[in-house]
Every structure is written in structure tokens, then in C-alpha cells.
Amino acid sequence: MRIGFIGVGHMGLPMCANLVKAGHAVRAYDVVAASLAQAVAAGAARAESVADCVAEAEAVLTMLPSSPHVRSVYGGPAGVIAHAKPGTLLVDSSTVDPLTAREVAFDARARGLAMVDAPVSGGTAGAEAGTLTFMVGGSGADFEAARPLLACMGRNIVHCGASGNGQVAKLCNNMMLAVGMIATSEAMTLAAKLGMDPKVFAGIVNTSSGRCWSSDTYNPYPGVLDGVPASRGYAGGFGADLMLKDLSLVTEAARTAKVPVLMGAVAQQVYQKHSADGHGARDFSSVILQYLKT
């Protein structure tokens with residue numbers, strides 16, 4: 001299949017490379033020259049613009065930083081919707097607010113284009129391994145059309161319902177993850193400062209009612225688990241600033257829906273302080289530094 005891929009940064013690049021490995025003819029575009037060069041080195045053809053990337057594509061995938069980027073890339077006279085051929089399948093794997101996903105999909109359908117929002121979970125490691133989880137919003141027919149492409153990049157592909165619902169699943173999941181990581185950070189630090197061996201305490205938690213993914217798989221306390229960001233100075237992984245972005249989207253969506261998310265709002269403030277303290281580029285589990293330093 002002829003695929004246009006826009007946004008080949010940390011997540012988009014390995015996703016693009018996996019499509020190439022699966023035998024698709026991928027044409028890539030990115031405003032960052034170095035990122036585009038890496039995509040070309042991975043086997044993609046170079047596009048000179050959004051229009052050039054999508055003009056002959058049967059499907060277009062995007063992985064962009066935020067809602068304004070999605071609106072800009074898809075909308076306007078130079079955007080994807082204006083230049084894609086009728087019948088083209090559009091897949092946006094960016095993490096954005098549900099309203100943006102729904103409005104862009106509405107505009108796409110008005111031009112005879114199929115579209116799904118398909119944000120991901122699994123981080124850069126999952127993108128490289130082709131084991132991402134895709135949370136997909138859109139019609140059943142569009143979901144089925146997108147599934148074979150998504151299967152080249154992921155292992156768990158879930159239809160979440162109508163347009164925008166992929167974003168709903170992603171944001172609500174990440175709110176739970178952020179709250180769980182902060183709770184784990186607080187408990188691990190408190191137990192250690194009260195004289196408990198962190199490994200022993202983690203072992204107890206992980207066979208008890210406090211068990212969660214942040215504790216048993218991605219523990220933030222240094223020295224408890226090997227192969228996690230806490231074991232390498234919180235380098236790599238899912239950046240704290242990205243978590244802050246998602247939490248900001250959560251609190252805005254909650255305001256629109258008039259639903260109180262008290263813990264989500266507190267988590268947003270904790271990560272905002274963490275970013276202000278200069279840790280935004282570190283993995284989100286580095287939020288434990290807010291407690292270890294006290």
C-alpha cells in the first residue's frame with residue numbers, strides 16, 4: 001500500500017520503519033530535517049511537503065505533538081484534507097483533545113475521506129518492537145480498514161467507539177497512570193524513610209492490595225527494578241512533559257464535560273512543578289524526585 005507518514009519523531013520514526021519492514025511503500029515528511037533524514041535512512045521516500053506526502057497515498061498516518069499541530073497539518077489549503085484523494089484512509093496517532101479529533105474527522109468525512117483517531121500506548125520501546133496498543137475512534141468500517149496497517153505497528157488494537165473515543169481512552173488511562181505513579185512514589189519514599197528496604201516493600205506491595213503497574217512493572221524507586229528508567233537516571237521512556245501535556249488535556253476535557261477530576265487536577269499540578277524544576281525531559285517516573293529530595 002502507498003502510505004504517507006507525517007511526523008517521524010521519537011514515536012513516529014519507529015512506527016514508520018515498521019511499515020516499511022512490512023512491505024509498504026512509505027513516503028515521509030517532517031519539518032525537522034534530521035528526523036526526516038532518519039526516516040529516509042529507514043527506507044521511506046522523502047516528501048517535500050504535506051501535499052507531496054499525501055497526494056498519491058492510499059493511507060495517511062500522522063504522529064504529531066499536540067492539538068494545534070493536528071489542526072494545522074490536516075486543515076487549510078496546504079493540509080492533508082485538501083490534498084488527499086477521496087477515499088484515502090487517514091489515521092491520526094497523535095494524542096490530542098477529543099474535540100479536535102472529532103472536528104478534524106468531521107471535516108475529513110465532508111471531503112470523502114475516511115478517518116480514525118488512533119493514539120497509542122507503549123512508548124518508544126513498544127514503537128520499536130511493534131507492540132503498541134492502539135485505541136481507535138471512528139466508524140466500524142473505518143476501524144476495519146485501518147486494522148491491517150495498525151497491526152504492522154502494534155499488538156493490541158481496540159475499537160473504542162465513535163470518532164474521538166480513542167483520545168478519550170488514552171487520556172483517561174494516562175490520568176490513572178499519573179495518579180498511580182505519584183501514589184507509588186509517595187509510598188515508596190515514605191517506606192524507605194521510615195526504615196523499610198525499598199525492594200522488600202515493593203515485594204510486599206506487589207503481592208498485596210497496593211499492587212499496580214507503576215509498582216510492579218515500572219517502579220520509580222532507584223535500585224528496585226532493572227531495565228526501567230529509574231535504573232538509568234530516568235533517561236528515555238515517556239517524558240514528564242508529555243505526561244503533563246496529557247494531564248492538561250484531561251483537565252480541559254473534564255471542564256468541558258463538567259466532571260470533577262480532583263486527583264487528575266492534583267497530578268497535573270505535581271507534574272507542572274516537576275517540569276518547572278527542570279525535569280520535563282526525564283521519564284515521567286522521575287516524579288519521585290519531588291519526594292526523594294525532601
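The buried residues of helix H13 pack against helix H9 (165-193), helix H12 (240-257) and helix H14 (289-292), where contact means heavy atoms within 4.5 Å and buried means under 20% relative accessible area, exposed over 50%, with partly exposed in between (1.4 Å probe, protein chains only). This is a predicted model, in which local features need pLDDT of at least 70 and side-chain atom pairs count only at pLDDT 80 or more, while totals for chains, interfaces and linings use all residues. Residues are numbered from 1 along each chain as its sequence is written, and side-chain values use heavy atoms, with hydrogens and water left out.

In H13, the buried residues are Gly264, Ala267, Gln268, Val270, Tyr271, His274 and His279. They cover an arc of only 165° around the axis, which puts them on the same side of H13, the arc being that of the directions from the helix axis to the C-beta atoms. On the other side of H13, Leu262 and Ala276 are exposed.

Turning to the rings, a search of the whole structure finds three aromatic pairs, counted where ring centres of Phe, Tyr and Trp (its six-membered ring) lie within 6.5 Å, with planes under 30 degrees apart stacked, over 60 edge-to-face and the rest tilted. The rings of Tyr218 and Phe284 have centres 5.6 Å apart and planes at 20°, so this pair is stacked. Because Tyr218 lies in the loop between helix H11 (213-216) and H12, and Phe284 in the loop between H13 and H14, the pair ties together parts that are 66 residues apart in sequence. Phe238 and Phe284 form an edge-to-face pair, at 6.0 Å centre to centre and 70° between the planes.

Conventions: Helix = DSSP H or I, 4+ residues; strand = E, 2+ residues; numbered from the N terminus.
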